[in-house]
Amino acid sequence: MAITQLSAFLENVPGTLCKAVAAITDAGVNIRALSVADTKDFGILRVIVSDTEKTKEALNKATLVRETPVIAVKMNDQAGALNNILKILGAADINVEYVYAFTGAIQGNAYVVLRVDDVAHAEETLNSNNIQTLNDEDINEYLK
């Protein structure tokens, strides 16, 4: 039930991020969540989008793009919700490599994207603790 995240490697110079986002926009794709990590020479654009294939095609023209399975979790938009998720994963000895969050159209809900070392085990652990994980279709439905 993992969702698909695309990662694009971008040169860390003015205008590069704009060009990547413009390529996604020109492909008619909606960006659902976005994160950028940078170093001196390059950045990594991570996106969850409404159409993975169109985005890969648009970005592959200019840069290297990689698909990564990540977990998206629906949680209450309140203090402590993320902490609870991280405690559950930690107790199950699941390593979280990185995380970013976003809110959706439904008031009171927030969503967190987690890159973990064992997607299947993490999803099973979260679901058994009554924490809802999402798939690509859920993301598009919840974030219309």
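From the N terminus on, the elements of the protein chain follow the order β-α-β-β-α-β-α-β-β-α-β-α. This amounts to 5 helices and 7 strands, where helices (H or I, at least four residues) and strands (E, at least two) are DSSP runs numbered from the N terminus. The model is a predicted one, in which local features need pLDDT of at least 70 and side-chain atom pairs count only at pLDDT 80 or more, while totals for chains, interfaces and linings use all residues. Residues are numbered from 1 along each chain as its sequence is written, and side-chain values use heavy atoms, with hydrogens and water left out.

Consider next the chain as a whole. Its C-alpha atoms fill a box of roughly 40 × 30 × 25 Å, taken along the principal axes. Of the 144 residues, 42% are buried, that is, under 20% relative accessible area, whereas exposed means over 50% and partly exposed lies in between (1.4 Å probe, protein chains only). Among contacts (heavy atoms within 4.5 Å) between residues at least 6 apart in sequence, 69% join residues at least 24 apart.

Helix 2 (residues 52–60) shows how a helix may present one side to its surroundings. Thr52, Thr55, Ala58 and Leu59 are its buried residues. Seen down the axis of helix 2, they fall within an arc of 130°, so they line one face of the helix; the arc is that of the directions from the helix axis to the C-beta atoms. An α-helix has 3.6 residues a turn, so residues three or four places apart point the same way. The buried residues of helix 2 pack against strand 1 (3–11), helix 1 (16–26), strand 3 (42–49) and strand 4.

Which residues of helix 4 (residues 119–128) are buried? They are Val119, Ala122, Glu123, Thr125 and Leu126. Because these buried residues fall within an arc of 165° when seen down the axis, they line one face of helix 4. Their packing partners are strand 4 (65–76), helix 3 (81–91), strand 6 (109–116) and strand 7 (133–134). The face turned away from the buried side of helix 4 carries the exposed residues Ala120, Glu124 and Ser128. Just after helix 4, Asn130 adopts a positive phi of about 60°.
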